[in-house]
2 protein chains.
Amino acid sequence: MFTLFHHPFCPHSRFIRLIAGEYGLDLKLIEERSWERREAFLLLNAAGTTPVLVDEEQPPIPGAAIIAEYVDEAYGAEMGPKRLMPQTIGERVEVRRLMAWFNEKFFEEVSHPLVTERIYKRFMSEENGGGPPSADVMRAAKANVRYHLAYIGWLAQTRNFLAGDRLTYADLAAAAHLSAIDYLGDVPWSEDDAAKAWYARVKSRPSFRPLLSEWLAGVPASRTYVDLDF
Amino acid sequence: MFTLFHHPFCPHSRFIRLIAGEYGLDLKLIEERSWERREAFLLLNAAGTTPVLVDEEQPPIPGAAIIAEYVDEAYGAEMGPKRLMPQTIGERVEVRRLMAWFNEKFFEEVSHPLVTERIYKRFMSEENGGGPPSADVMRAAKANVRYHLAYIGWLAQTRNFLAGDRLTYADLAAAAHLSAIDYLGDVPWSEDDAAKAWYARVKSRPSFRPLLSEWLAGVPASRTYVDLDF
C-alpha cells in the first residue's frame, strides 16, 4: 500500500499516478495544497512540493523524477516487458532526458504557469499569491506550448513512442503535463496531427481513466478532455 | 576520452567536473556560452543548457542529473568504495533528493540568479539580456542563501557527509553550487560553523583544485575562495 501526497492538477503528481496505474500499484491519495505549507507535509518533504510517495518500507520519497527512479528500482524488474524504464544505458539516457524535458522545461514554461494562474490561484489566499489570473503569464505559456507540441510531433513521427519503440516514463511524463492543461483547453491540438495521434494513444490507456473522470467544481473540463477521439 | 560542454561558472558543469575529478575521468572541456544558442550546440542538447557530456560510446548526454546517473551506470561499479552513488534503494533516494535540492532548488533560488547577474550578464549582448546586474535579484538570492546554509549545517551536524556516512553526489552537487557563488564572496560562512567545516573538507579534495585555480579576468575571486582554511 502506497500513499501519494498530490494535487489533482499538479502535473508531476499526475505523472506518478499514471506510473502507478500502469504498474497496478494501489495508491491512497491525499490532496495537498502545497502553497499552504502545512507543517506535517514539510516534514515529509522540506522542499514543500508535491508529489511525495510514502511506501511503507521506506522514508518518504519526494519529487516526480526521484519517485520514478525509486519505483523502477523497487518494482521495475518484476514488470517484465511492461517496465517503463529501459535497461540499456543509452536508452536510459534518452528516457531521462525527455522526463527532464517535460518535468522541468515544459513545467516551467507551460504547465506550471497555466495551472497556477487558472487553478491554484482560485484556492490561494491573497497572501499566498491568490487572485485573478495574469493575462501576461497565460499568454506567454500558451505561446510556449506550441513549440513543445511541435517537438512532441517530431518525436512521434520519428519513433513509435517518444523515447523509442516502447511506452516509457517519457510518454507518461509528457502526457501528464499535457493532460493538466488539456483540461483547461490550452493545447492547440489542430496544429500537430502526429502529436495529437500519439496523445490519443496514450490517453486511451486504462491508467489514464482516473485522471479523466475527476472534474473540478466551477472549472469544467474542455470539450476535448475526456473524448478519446478528440 | 570525454568531452564536456560547460561554462566555468555554470554550477551544474562544476558538479560534473567534480565527479570526473573523483573518478579520474579525463575531460576535454569546451566552454559554451549557452545564451548565444549556438546551432551546433542545440543539436547536442535541444534544451540549450550546459553541461553536455559526450562519451565516445554514446549519444550526447545533457543535464547534470542525467550525466551523474549515466556516469554511475557506466563507471560506478568499477569505483568500488569510491562510488558516489550508494547501492541500497533508501540511500539512493536520499542522494537523489539532495542532488535535486541543490541542482534545482538552490540553483533557482541562489546560484543561478547570482551567477547570471554577476557573471553571465557581462558577456551577454543587450538582446540576450546583458547589462548591469539587478540589485533586487541579487538581494533576494543573498537572502535565500542563508536558509540553505543553515540546512547544510543541520545535515552536516547530523551526518558525516550530507547524505550519510560517505561522500556522495549530494556533497559534490552542494559544493559545486556553493563554489560558484563563493568565488563571488556571496556565502556568509560565519553564519554556520558546521556548514563551513563540511565545505572545508570537500573543498580540500584534489578534485576541487582545477576549479579553484581558474580565475575570471576582471572579476577577482573572493578572499575565501582558494583558502582551504578560510
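**Where the pieces meet**

Guide: Let's begin inside one chain: across the interface of domain 1 of chain A and domain 2 of chain A, the rule finds 2 salt bridges (a salt bridge is a side-chain nitrogen of Lys or Arg within 4 Å of a carboxyl oxygen of Asp or Glu). Before we go on, please keep in mind that this is a predicted model, in which local features need pLDDT of at least 70 and side-chain atom pairs count only at pLDDT 80 or more, while totals for chains, interfaces and linings use all residues. Residues are numbered from 1 along each chain as its sequence is written, chains are lettered from A and ligands numbered from 1 in the order in which they are written, and side-chain values use heavy atoms, with hydrogens and water left out.

Now for the two domains themselves. Domain 1 of chain A covers 2–82 and domain 2 covers 89–206, with bounds that come from an automatic or database domain assignment. Their centres, taken over C-alpha atoms, are 19 Å apart. Where they touch, 19 residues of domain 1 of chain A are in contact with 23 residues of domain 2 of chain A (contact means heavy atoms within 4.5 Å).

The size of an interface is often given as the accessible area lost when the parts come together. For these two domains of chain A, about 2000 Å² is buried between them, 63% of it on carbon and sulfur atoms (buried area is the accessible area, with a 1.4 Å probe, that two parts lose on being put together, summed over both).

You can find a salt bridge by looking for the side chains of A:Glu69 and A:Arg96, which meet at 2.6 Å, N to O. Between domain 1 and domain 2 of chain A, the rule also finds 7 residue pairs in polar contact, both residues at pLDDT 80 or more (a polar contact is a pair of N or O atoms within 3.5 Å; within protein, one must be able to donate a hydrogen and the other to accept it, and residues adjacent in sequence count only if both atoms are side-chain atoms). On the side of domain 1 of chain A that touches domain 2, the elements giving two or more residues are helix H1 (11–23) and helix H3 (64–76) (helices, H or I of at least four residues, and strands, E of at least two, are DSSP runs numbered from the N terminus). H1(A) gives the most to this side of domain 1, with 7 residues. By type, this side of domain 1 of chain A divides into 11 nonpolar, 2 polar and 6 charged residues (Ala, Val, Leu, Ile, Met, Phe, Trp, Tyr, Cys and Pro count as nonpolar, Asp, Glu, Lys and Arg as charged, and the others, Gly among them, as polar).

Next, step back and look at both chains. Chain A can be laid on chain B with an RMSD of 0.0 Å, using a turn of 180° and a shift of 0.0 Å along the axis (copies are superposed by least squares on the C-alpha atoms of residues with pLDDT of at least 70 in both). That is the relation of a two-fold axis. To locate the axis, look for A:Glu104, which comes closest to it among the residues of chain A, at 4.6 Å for its C-alpha.

Here 22 residues of chain A are in contact with 22 residues of chain B. Of the interface residues of chain A, 100% are also interface residues in chain B, so the copies meet through the same surface. Between them, chain A and chain B bury about 1800 Å², 70% of it on carbon and sulfur atoms. A:Ile66, A:Glu73 and A:Ile89 supply 29% of the area that chain A buries against chain B, more than any other three residues.

Charges take part here as well: the rule finds 6 salt bridges across the interface of chain A and chain B. B:Arg92 and A:Glu73 have side chains that meet in a salt bridge at 2.8 Å, N to O. The rule also finds 4 residue pairs in polar contact between chain A and chain B, both residues at pLDDT 80 or more. On the side of chain A that touches chain B, strand S4 (61–62), H3 and helix H4 (89–123) are the elements that give two or more residues. H4(A) provides the largest share of that side, 10 residues. The side of chain A that touches chain B divides into 13 nonpolar, 2 polar and 7 charged residues.
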